[in-house]
Amino acid sequence: MAQGAKRTTGQVVGVCCLAVAVAAFLSVAAVRHGFFDLKVYYGALNFWVHDGGEIYDFLKPGTQYGFTYPPFAALAMLPMAVLPWTAAIVVSVAASVVVSAVLIWWLVDPIARRAGWTRWYALAVALLLAAAFEPMRETVNFGQVNMLLLFLVAVDLLRLLPAGNRWAGVGIGLATAIKLTPGIFIVYLLVTGRWRAALTAVGAAAGATLAAAALFPDASREFWTSALWNTGRVGELAFVSNQSLRGVVARLNPEHPSSLAWAALVLATLAVWAWRSRAAAAVGDEATGLALTGAVMCLVSPVTWVHHLVWLLPGLILLVDNGMAAPARSRRRGVLLAAAALGYGLLISRIVWAWEKDFTGVGGFLGSNTYVWISLALLLFLPVRRWAVPGAAGVWSAGGPPPAGSVVEAPGVAQLDQAERGRSAGQRHAVGRPLAVR
């Protein structure tokens, strides 16, 4: 058997063994939620369309949970009202799997090409590892929309914006119209000086929201004047699944959480994020901008359930990217790959649930907020890839980082903004290649 055939056979066997291991792990570790959130969406839409009720008046029987998304989300989900329940499950799972595969391909394939890995094998391994990732498996088991939102944002930041496409910002705008929290990516575009993309995002969000208001005026009025402000519909802030800074503060004093302490933490976190995001944008590293903004969104949102932490997935993959770009057997490579493995290991472990009933004391404070610490670590320490050269369609050059000890010069954000305002795509590419290696 030829050497290439032996290698392929070994890779196929390796993927099959990993698939069996992941399936066995999920059979033990994955909690079955019975598509709880999808049932809320499905019930609310059917109550609205078929029973003549108001969508925001619906509560899933026996619970306090109702439809909490803006009216445009209801418009986007409207086909669900004519689907059988089983078909709705199939569509939800299939959509999450497809967009996850595409997103992971965009992030992993450049690493595989630089490292000389077989590309299909790298993708297969990454997808199997992602299946064990607690936020991912929770997203699928709840029937949530998290991966769809992440995909919409990633289309802008990983594909359209690096290519200088005039439509950059539409994905972020649509994601914001579906769920308000991705609106922080509009702030990211403003902070980093991409005015045109920011205006496009605002226009897309406003257009989608106004279209929903024109079609469903009563539902829109109810959402913006009442349902949006009814925090009791989303759950208990101190619940251990809330892995945000608000959750940290609430678990310190569930009866009277300090709003002042939370506000101070949020302001400090946003200041660090703005500084680091500008550094990433200055060298055209939009993938790191995506990862940093995803992490800060999880931190500053009042409620970040565990399944929302799929936004940390790009950061973990970029840790591997940075590690593989470091010299072989270097301390830097070891530290970065170990950090990626530790973060991933904790985020498949369900470790925070050990403190679900009692999160008091020092151990409870540290353990019940484990995922918050991971978000903070990514925000503070995820390296900006100053060695990365933007290539066609936002794919990093296979040339890899410059030699150790080289001096790398980067353009300022103002230069990028100048390119964004008026230069051709070819000129923007020239401005974006900030790497004069001396």
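Guide: A crossing is left-handed if the near helix is turned anticlockwise from the far one by less than a right angle, and right-handed if clockwise. Helices (H or I, at least four residues) and strands (E, at least two) are DSSP runs, numbered from the N terminus. Here the crossing of helix 2 and helix 4 is right-handed. This is a predicted model, in which local features need pLDDT of at least 70 and side-chain atom pairs count only at pLDDT 80 or more, while totals for chains, interfaces and linings use all residues. Residues are numbered from 1 along each chain as its sequence is written, and side-chain values use heavy atoms, with hydrogens and water left out.

Visitor: At what angle do helix 2 and helix 4 cross?

Guide: Axes are lines fitted to C-alpha atoms, for helices over the stretch in contact, and angles run from 0 to 180 degrees between N-to-C directions. The axes of helix 2 (residues 36-49) and helix 4 (residues 85-115) cross at roughly 125° and come within 11 Å. Helix 2 is therefore oblique to helix 4, given that angles under 35 degrees count as roughly parallel, over 145 as roughly antiparallel, 65 to 115 as roughly perpendicular and the rest as oblique. Contact means heavy atoms within 4.5 Å; by that criterion, Leu38, Lys39 and Tyr42 of helix 2 meet Trp85, Ala88, Ile89 and Ser92 of helix 4.

Visitor: How many helices and strands does the protein chain have?

Guide: The chain has 20 helices and zero strands. Among its contacts between residues at least 6 apart in sequence, 73% join residues at least 24 apart.

Visitor: Which residues of helix 9 are buried?

Guide: Buried means under 20% relative accessible area, exposed over 50%, and partly exposed in between (1.4 Å probe, protein chains only). In helix 9 the buried residues are Ile184, Phe185, Ile186, Tyr188 and Leu189. Their cover includes helix 7 (146-160), helix 8 (170-178), helix 10 (195-215), helix 13 (259-282) and helix 14. Just after helix 9, Gly193 adopts a positive phi of about 80°.

Visitor: How does helix 9 pack against helix 14?

Guide: Helix 9 (residues 184-191) and helix 14 (residues 286-300) have axes 10 Å apart and pack at an angle of about 130°. That angle makes helix 9 oblique to helix 14, and the crossing is right-handed.

Visitor: Which residues touch the most other members of the largest nonpolar core?

Guide: A nonpolar core is a set of buried Ala, Val, Leu, Ile, Met, Phe, Trp, Tyr and Cys residues joined through side-chain atoms within 4.5 Å. In soluble globular proteins, nonpolar side chains tend to be buried together. The largest core here holds 101 residues, and Ile55, Phe67, Leu157, Phe185, Leu189 and Trp311 touch the most other members. Apart from that core lies another, of five residues, including Val15, Val22, Ala124 and Ala132. Of the 438 residues in the chain, 50% count as buried.

Visitor: Is Ala126 buried or exposed?

Guide: Ala126 counts as buried because its relative accessible area is 17%. Ala126 belongs to helix 5 (residues 119-132) and, leaving aside neighbours within four places in sequence, is in contact with Ile104 and Val108.
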